[in-house]
Amino acid sequence: GKVIFDPWVKTMEKAGVTFLCNTRVTGFQIDNQPDGRARMTGLECTDSSGKASNLEVDDVIFAVGAKALNTFVRLSPELASFREFRGFANLRGTSVLATRLFLDHNVTIPYTANACWGFDKGVGMTMFDISAIHGLGAMDGAEGSVIEVDYYHASNLLVMSYADIVSKVKSDLDNILGPDCKAATVVDAAVVRLPDAVNWYSPGSYSDMPDHQSSSVTNLFFAGDIVRTRHGSWSQEKAFVTGMQAANLLLHRPINRGVLPLARDEAHVKLGREILSSFR
């Protein structure tokens with residue numbers, strides 16, 4: 001946050017951007033246009049003190065996930081009047097448990113990012129070697145490893161106590177990494193519970209996901225990894241790409257201006273796509 005996001009925020013503030021932190025959108029003002037389409041003209045907001053205000057808008061970008069879109073349409077009759085938005089009521093989020101363990105000595109980890117599973121039914125996980133990703137040992141010669149383990153579809157883990165979560169994560173790492181990790185001691189840990197925070201991509205959900213620009217509200221755009229796009233990126237990269245695409249559309253530029261295309265599919269991936277397409 002201090003290295004990347006704080007300087008980024010300061011740069012945008014110098015460019016004239018105003019951030020309304022701790023402010024919740026509670027309603028949308030929409031006017032019908034002579035051509036039969038609608039236009040968003042304002043946002044109804046409430047700050048942390050409960051003070052309400054109206055914000056006039058020229059254009060709006062919804063840079064939010066599935067859970068927020070679902071909430072918007074359920075609580076806003078104005079948005080629910082459009083078929084496009086009623087589909088968002090089908091979108092859902094899934095819970096994530098994000099953990100980080102600080103170990104007292106260096107542990108050998110084969111890869112910086114690792115997909116893991118098999119410890120809890122229906123729960124997937126990723127393991128990251130934070131020490132390697134951030135170059136911690138190389139920078140200061142510090143002894144010890146920092147390992148992040150994130151669990152997905154993890155509502156049943158969020159209810160565990162802090163101590164039980166830390167113990168579980170260490171046990172899972174011991175099983176994955178073996179004696180080297182078992183010999184290490186946890187000297188500190190961070191646990192973040194994120195209920196319904198990550199988009200849940202279930203069979204059939206693609207048809208309910210938003211496009212880059214609303215077909216119902218002329219000045220409304222969408223960004224984030226819930227947006228339908230053929231770019232092929234995913235997660236944070238997809239959020240970044242769709243943010244650039246939304247900005248390009250808002251400024252009447254070609255949608256992919258400044259967007260780097262992905263490399264061509266590897267042969268086995270291309271073959272799999274062709275087989276699946278033929279099967280369908």
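Does Ser207 count as buried or exposed, and at what relative accessibility? In this predicted model, the relative accessibility of Ser207 is 52%, so Ser207 counts as exposed, the cut-off for that word being over 50%.

View 1. A polar atom of the Ser207 side chain lies 3.0 Å from the backbone oxygen of Gly204. Between Ser207 and Asn22 there are 32 Å in space, taken from C-alpha to C-alpha, and the two residues are 185 residues apart in sequence.

**View 2. The open sheet formed by strands E1, E2 and E3.** These three strands are arranged in the order E1-E2-E3, and their pairing is antiparallel. Strand E1 (23-32) and strand E3 (52-56) stand at the edges with a single partner strand each, so one side of each has no neighbour in the sheet. From one strand to the next, the twist averages 25°. Strand E2, which comprises residues 38-47, is joined to E3 by five bridges, and Leu43 stands opposite Leu55 in E3.

**View 3. Strand E5 with its antiparallel partners E8 and E9.** Strand E5 is mostly covered, since nine of its eleven residues are buried. Ten bridges join E5 to E9, and these two strands run antiparallel; here the bridge partner of Phe102 is Asp188 in E9. Seven bridges join E5 to E8, again with the strands running antiparallel, and in E8 the bridge partner of Leu97 is Tyr151.

**View 4. The largest nonpolar core, with 24 residues.** The residues with the most contacts inside this core are Leu97, Met127, Ile147, Val149, Tyr151, Leu173 and Leu177. Two or more residues are given to the core by each of strand E5 (93-103), strand E7 (124-129), strand E8 (146-152), helix H7 (155-158), helix H8 (162-177) and strand E9 (186-199). The largest share, five residues, comes from H8. Leaving aside residues up to four places away in sequence, Ile147 touches Thr99, Arg100, Leu101, Leu103, Ile109, Met127, Phe128, Ile130, Leu173 and Leu177. As general background, nonpolar side chains in soluble globular proteins tend to be buried together.

**View 5. Glu148, a buried residue of strand E8.** With a relative accessible area of 15%, Glu148 falls under the 20% cut-off and therefore counts as buried. The side chains of Glu148 and Arg100 are joined by a polar contact of 2.4 Å. When residues up to four places away in sequence are not counted, the residues that Glu148 touches are Thr99, Arg100, Thr126, Met127, Phe128 and Ile130.

**View 6. Helix H11, residues 267-279, and its span.** At 1.5 Å a residue, the 13 residues of H11 should span 18 Å, and this agrees with the model, in which the end C-alpha atoms of the helix are 18 Å apart. The number of buried residues among the 13 of H11 is zero, so the helix lies largely in the open.

Notes. Residues numbered from 1 in each chain as written. Predicted model: local features only at pLDDT ≥ 70, side-chain atom pairs only at ≥ 80, totals over all residues. Heavy atoms only, no water. Helix = DSSP H or I, 4+ residues; strand = E, 2+ residues; numbered from the N terminus. Expected span 1.5 Å × (residues − 1). Buried < 20%, exposed > 50% of the residue type's maximum accessible area, 1.4 Å probe, protein only. Pairing = 2+ DSSP bridges. Axes fitted to C-alpha atoms, helices over the stretch in contact; angles between N-to-C directions. Core = buried A, V, L, I, M, F, W, Y, C linked by side-chain atoms within 4.5 Å. Contact = heavy atoms within 4.5 Å. Polar contact = N/O pair within 3.5 Å; in protein donor to acceptor, adjacent residues only side chain to side chain.
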